[in-house]
Amino acid sequence: MATTFQHACSVPLARALVRSRAIPVSALTLSTPSRSPLSDSRVLLGLSEEELRQLATGLGQQSYRGKQVHHLMYKSKAKDVESFSHLPQAFRDALKEAGWKVGRSPVHKSVMAADGTIKILLKLEDNRLIETVGIPIDNGKGPYRLTACVSSQVGCPLKCSFCATGKGGYSRNLRSHEIVEQVLAIEEIFNHRVTNVVFMGMGEPMLNLKSVLEAHRCLNKEVQIGQRMMTISTVGVPNTIKMLASHKLQSTLAVSLHAPNQKLRETIVPSAKSYPLNALMSDCKEYFLTTGRRVSFEYTLLAGVNDEVDHANELAELLHAYGSGYHVNLIPFNPIDDSEFRRPYKKSVLAFAAALETRKVTVSIRQTRGLDAGAACGQLRNEFQKKPIAEEESQSTTTELQLVSA
Ligand code: SF4
């Protein structure tokens with residue numbers, strides 16, 4: 001039953017008008033987020049057209065004003081109530097007096113790589129920085145596919161050994177509108193619709209599943225991105241894959257395996273100690289059987305650690321035992337500062353893929369995009385925010401698009 005999913009669309013406006021939209025810490029959250037000075041403002045971003053219509057009538061306006069607000073936020077990318085210039089001043093004043101704001105954050109920094117990938121840092125209201133990446137695929141007539149890679153937490157508590165985000169610490173879960181606004185920011189910077197969304201940025205989505213599901217709903221229904229165009233990733237958090245499966249989303253589940261056996265996996269993904277590989281694989285199978293959507297297994301190749309042909313053979317055995325309905329994505333490691341890991345040679349990557357193919361495992365080698373823009377998850381944020389708690393002046397916000405040559 002899609003209780004969490006439905007919750008977001010069924011907030012009665014009477015309640016919405018008298019209560020803050022701030023999302024309480026989800027019961028699913030395994031780590032307690034630190035306290036942060038988040039305001040109690042009511043956030044418009046995330047509301048459906050029907051909710052906005054009810055809000056408008058509740059403030060003495062005609063219902064169609066709500067539809068206009070919907071268009072202004074999701075299509076025109078209006079960032080604050082004052083810029084709702086099509087609307088009567090009285091309505092704007094009423095919204096502000098009732099404490100409503102759009103819920104968009106300023107771009108603190110943006111960096112473009114030679115391949116067109118753009119990574120942005122958004123500065124949240126508590127001065128924390130999050131990363132979002134826009135990845136265009138160009139057919140010569142402008143980007144026809146634009147993927148937004150969105151963050152679900154500020155930092156990440158799971159500390160996977162190769163990950164820049166894990167090294168940068170953890171602050172808090174993102175609220176659902178802070179996930180949605182990342183997609184709108186990418187649309188704005190590319191001046192193009194986002195066609196695909198992957199929840200693969202900073203953080204572990206399953207530790208913030210409630211907000212992720214609310215954002216997923218909004219992106220699907222309000223921003224009009226198809227469910228099949230969205231991917232939710234996880235390194236594996238006990239009991240959450242079944243919970244996600246129960247929502248029967250038509251979205252891909254991407255599971256970060258990174259190793260073909262429990263022992264090696266625990267050295268790369270410390271949190272795997274509490275989630276044995278056989279239990280993870282069994283939950284993935286249930287996801288496939290419940291949703292009909294194949295599971296994508298992500299495997300970051302780390303030179304000399306997990307990239308031998310023997311590892312590929314062991315992985316093939318694991319997957320054959322799992323059954324059908326999966327695909328493997330191989331990701332050559334994106335080097336990060338202070339890492340003990342190295343990027344594998346191309347011939348090792350090809351040999352690994354060939355060993356899987358020989359054993360009838362469907363496999364793709366992911367092209368690494370935006371290497372020069374610090375595309376490894378968490379890299380750019382770590383460069384600009386060494387400490388998870390922002391102590392800097394909010395006035396320091398800058399917008400800068402910097403072309404980094406390859
Ligand atoms: S790889 Fe993902 S789950 Fe692991 S530390 Fe990085 S952000 Fe967290």
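**A tour by helix pairs, ligand and loops**

Start with helices H7 and H8, which lie oblique to each other. The model is predicted: local features need pLDDT of at least 70 and side-chain atom pairs pLDDT 80 or more, while totals for chains, interfaces and linings use all residues. Residue numbers run from 1 along each chain as its sequence is written.

**Stop 1: H7 and H8**

Select residues 176–190 for H7 and 209–221 for H8. Their axes come within 8 Å and cross at roughly 40 degrees. Axes are fitted to C-alpha atoms, for helices over the stretch in contact, and angles run from 0 to 180 degrees between N-to-C directions.

Now show the side chains. From H7, pick Ser176, Ile179, Val180 and Val183. From H8, pick Ser211, Val212, Glu214, Ala215, Cys218 and Leu219. These two sets meet. The residues of the contact of H7 with H8 divide into 7 nonpolar, 2 polar and 1 charged. Nonpolar means Ala, Val, Leu, Ile, Met, Phe, Trp, Tyr, Cys and Pro; charged means Asp, Glu, Lys and Arg; the others, Gly among them, are polar.

**Stop 2**

Step back to Asn208, in the loop between strand E9 (196–199) and H8. Is Asn208 buried or exposed? It is buried, because 29 C-beta neighbours lie inside 10 Å. The cut-offs are 20 or more other C-beta atoms within 10 Å for buried, 12 or fewer for exposed, and partly exposed in between, with C-beta atoms placed from the backbone.

**Stop 3: the ligand**

Centre on the ligand. A shell of 12 residues surrounds the ligand, and the closest are Cys156, Cys160, Cys163, Thr165 and Gly166. Membership needs a C-beta atom within 6 Å. Colour the shell by class: 7 residues are nonpolar, 3 polar and 2 charged.

Next, select Lys159. Lys159 sits in the loop between strand E7 (153–155) and helix H6 (164–167). Its phi is near 55 degrees, a positive value in a residue other than glycine. Lys159 counts as partly exposed, because it has 16 C-beta neighbours inside 10 Å.

**Stop 4: Asn239**

Jump to the loop between strand E10 (230–234) and helix H9 (240–246), where Asn239 is placed. Asn239 is not a glycine, yet its phi is positive, about 75 degrees. Asn239 is exposed, with 12 other C-beta atoms within 10 Å.

**Stop 5: H12 and H13**

Select 309–322 for H12 and 346–358 for H13. The two axes come within 9 Å and cross at roughly 30 degrees. H12 is therefore roughly parallel to H13. H12 brings Val309, Ala312, Asn313, Leu315 and Ala316 to the contact. H13 brings Ala351, Phe352, Ala355 and Leu356. The residues of the contact of H12 with H13 divide into 8 nonpolar, 1 polar and no charged.

**Stop 6: H3**

Select residues 49–58, helix H3. Its buried residues are Glu51, Leu52, Arg53, Gln54, Leu55 and Ala56. Then pick Gly60, which follows H3 and has a positive phi near 85 degrees.

**Last stop: the whole chain**

Zoom out. The chain has 14 helices and 15 strands. These are DSSP runs numbered from the N terminus, helices (H or I) of at least four residues and strands (E) of at least two. Of the 406 residues in the chain, 46% are buried. Among contacts (C-beta atoms, placed from the backbone, within 7 Å) between residues at least 6 apart in sequence, 71% join residues at least 24 apart.

Note on methods:
Angles under 35 degrees count as roughly parallel, over 145 as roughly antiparallel, 65 to 115 as roughly perpendicular and the rest as oblique.
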